[in-house]
Amino acid sequence: MSLKLRKNLRSWTVTIILMVIGLLCIYPFIFMISSSFKISADVLGKPLQIIPDKFILSNYTDLFGDPYYDFAQWYKNTIVMVVTTIVLKVFIITYTAYGFAKIKFKGNGVLFLILMSALMIPGDIMLIPRYSIFKNLHILDSMWSLVLPSCFDIYFVFMLRQAFIAIPDSISEAAEIDGCHHFTIYSRIILPLAKPSIVTMVLFTFVWSWNDYMGPYIYISTISKQMLSVGIKLFTEGQVADPALQMSSATLVLIPILILFFFTQRYFVEGSTSSAVKG
Amino acid sequence: MQAETKTKKYNRQKRENRYGAMFVTPYICGFILFQGLPFLIAIGLAFTNVRYISKIHDAKFIGFGNFIKMFHDQTTMDALGRTALYSLLYVPLIMIIGFTMAYLVNKGIHFKNLVRSMFFLPYVANMVAVSVVFTLLLGPKGPFIKALLAIGVENPPFFLYDMKTALPTVVCIAVWKGVGLNLITYLAALQGVSGDLLEAAEIDGAGKIKRILHVIIPMVSPTTFFLLISSVITSLQNLTIIQVLTQGGPGQSTTVMSINIIRTAFTRFETGYASAQAVVMFVIVMVFTIIQWQGQKKWVNY
């Protein structure tokens with residue numbers, strides 16, 4: 001009995017210690033959200049106060065009413081860009097992964113190996129040449145310069161090919177005997193069965209595209225075509241020294257991710273351990 | 001009869017080849033355009049004197065000129081040194097904290113999923129939002145400096161605004177942001193460590209520290225190996241985090257290679273030279289990965 005009690009006591013002690021560290025870990029986000037509802041003076045005046053004296057919404061209405069910075073437009077641009085990326089990427093990546101996983105064409109293995117070796121190339125090295133390629137394709141200063149490279153991501157071809165291979169061939173072979181060809185097997189059988197992996201890809205794509213900063217920073221120059229990340233950065237570096245407004249603008253770019261994460265933590269955590277997603 | 005099956009098989013292979021082409025060709029085209037070609041151009045540009053990226057057709061071949069210039073360029077050499085310092089701080093910190101946290105979480109605590117999610121949250125957060133918040137929190141009027149003053153620290157450091165502390169502060173923020181991934185990867189590995197083995201070690205009289213050092217750490221060494229390689233690579237891809245936090249400042253104190261490359265290319269307009277620097281970084285990453293790959297036999301147990 002006393003051993004059990006001691007064990008219990010110890011596990012609660014560790015829990016409490018980890019909870020405190022965890023809370024410190026998310027304190028910046030708590031601070032950010034609570035400050036965005038405070039009056040400016042209280043942001044740094046009462047940094048530990050989590051529930052504001054009075055909830056005010058003016059930090060948000062001021063942002064959307066700003067004459068120089070068009071937050072609504074940036075929001076719209078980012079949503080359109082992210083949704084386009086996800087829709088195209090899911091189609092392109094799953095379609096290709098099916099080819100590599102389920103069709104025994106000549107050269108399959110070699111071709112796939114070449115793709116995998118390209119996984120080693122760090123993205124930074126391509127920032128400069130891509131600029132000139134985008135210019136020649138006339139997609140510089142448009143969202144396509146962010147959408148297209150993401151759609152031809154190598155990592156997810158690898159991940160989905162793995163997921164498709166895990167689906168037993170006997171299922172698709174049975175369908176083939178019934179007269180189905182590859183397009184039907186791909187769309188009717190494989191896609192529905194690989195749903196969890198596809199969801200993981202969608203979530204990570206959402207996070208990466210939404211959070212992308214260097215892409216829009218380098219390739220997009222017109223302010224009305226800019227994305228939220230860069231927009232917020234311009235705004236907070238600009239004339240504004242108002243801490244409450246800075247916090248509400250930061251909340252604006254973070255909140256969709258927080259909501260998404262809140263409802264889909266399981267997919268994030270399992271997705272990153274099962275295949276160790278790249279940073 | 002046999003000939004017939006052979007023709008059938010041949011026809012089937014031909015059909016598979018045709019389908020294969022239909023399924024992978026579109027991707028291969030996009031891959032060449034957005035991944036393969038940029039990589040080759042980067043290497044090509046490194047040997048030219050191109051200045052403005054838009055005037056790429058004026059390129060003139062100058063051999064190893066850019067690489068030689070790099071070793072005489074003090075700014076770039078300093079940036080290289082800072083990159084090394086950044087990695088030397090970042091990698092051990094994220095590895096040790098990640099393992100320790102995972103070990104504690106794995107000890108059978110309550111609210112495991114909640115704790116895990118709290119540590120993982122910074123990993124998915126938007127870097128711009130993070131930088132805005134930290135600039136304020138660590139700023140001269142922020143709560144951190146006030147707290148330090150309150151407990152009697154005479155000259156508190158100005159974190160991101162101080163030449164001496166800016167780089168370590170950036171590293172700490174980077175570790176805070178990235179450690180969640182290491183934690184959950186280690187957690188998955190720790191859950192695979194057999195309880196029988198630990199019990200056997202305990203019966204043999206191995207104390208807690210001994211069990212960690214001689215049983216647990218060797219058991220998770222494949223994960224350590226994987227995380228070590230990916231953490232080194234992440235530590236070199238620090239462009240976004242530094243660009244939004246300090247833009248390489250104050251002074252040059254956080255100008256690491258990635259920042260130096262972007263500056264060379266897009267503010268000083270020396271595209272060829274910037275590409276040469278990027279190629280050098282790529283080679284360094286490759287060399288490190290190969291060394292680690294070779295060295296793994298000595299300490300990784302599969």
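This is a predicted model: local features need pLDDT of at least 70, side-chain atom pairs count only at pLDDT 80 or more; totals for chains, interfaces and linings use all residues.
Helix H13 (residues 228–237) of chain A is mostly covered, with 8 of its 10 residues buried. The buried positions of H13(A) are Leu228(A), Ser229(A), Val230(A), Gly231(A), Ile232(A), Lys233(A), Phe235(A) and Thr236(A). Just after H8(B), Gly205(B) adopts a positive phi of about 90 degrees.

Confidence was examined for the whole model and for chain B. The model scores are ipTM 0.85 and pTM 0.87. Chain B has an average pLDDT of 85, and 97% of the residues score at least 70. Within chain B, the lowest confidence falls on helix H8 (residues 195–203), at a mean of 80, and the highest on helix H3 (residues 74–106) of chain B, at 93.

For chain B, the assignment gives domain 1 (2–45) and domain 2 (67–299), with 39 Å between the C-alpha centres of the two domains of chain B.

The contact between the chains takes 70 residues from chain A and 76 residues from chain B. On the side of chain A that touches chain B, the largest share, 13 residues, comes from helix H1 (residues 2–35) of chain A. By class, this side of chain A has 48 nonpolar, 16 polar and 6 charged residues.

The largest nonpolar core holds 144 residues, of which Leu160(A), Ala250(A), Ala129(B), Val133(B) and Val170(B) touch the most other members. Helix H7 (residues 166–191) of chain B gives the most to this core, with 15 residues. Leaving aside residues up to four places away in sequence, Val170(B) touches Ile241(B), Ile242(B), Leu245(B), Thr246(B) and Thr254(B).

Annotated spans were then compared with the model. In an unreviewed UniProt entry, the feature "transmembrane region" is placed at residues 12–33, 78–98, 110–131, 143–160, 189–210 and 244–263 of chain A. Residues 189–210 of chain A are 95% helix and 0% strand, and the end C-alpha atoms of this span lie 31 Å apart. Residues 244–263 of chain A are 100% helix and 0% strand, with end C-alpha atoms 27 Å apart.

For chain B, UniProt (unreviewed entry) lists "transmembrane region" at residues 21–47, 84–106, 118–139, 166–190, 211–233 and 273–293. In the model, residues 118–139 of chain B are 82% helix and 0% strand, and the end C-alpha atoms are 24 Å apart. The span of residues 273–293 of chain B is 100% helix and 0% strand, and its end C-alpha atoms lie 30 Å apart. The unreviewed UniProt entry also lists "domain: ABC transmembrane type-1" at residues 80–292 of chain B. This span of chain B is 76% helix and 0% strand, and its end C-alpha atoms lie 20 Å apart.

Note on methods
Residues are numbered from 1 along each chain as its sequence is written. Chains are lettered from A and ligands numbered from 1 in the order in which they are written. A nonpolar core is a set of buried Ala, Val, Leu, Ile, Met, Phe, Trp, Tyr and Cys residues joined through C-beta atoms within 7 Å. A residue is buried if 20 or more other C-beta atoms lie within 10 Å of its own, exposed if 12 or fewer, and partly exposed in between; C-beta atoms are placed from the backbone. Helices (H or I, at least four residues) and strands (E, at least two) are DSSP runs, numbered from the N terminus. Two residues are in contact if their C-beta atoms, placed from the backbone, lie within 7 Å. UniProt positions are given in the numbering used here, feature names are shortened, and annotations may be inferred rather than shown by experiment. Ala, Val, Leu, Ile, Met, Phe, Trp, Tyr, Cys and Pro count as nonpolar, Asp, Glu, Lys and Arg as charged, and the others, Gly among them, as polar. pLDDT is the predictor's confidence in each residue, from 0 to 100. Domain bounds come from an automatic or database domain assignment.
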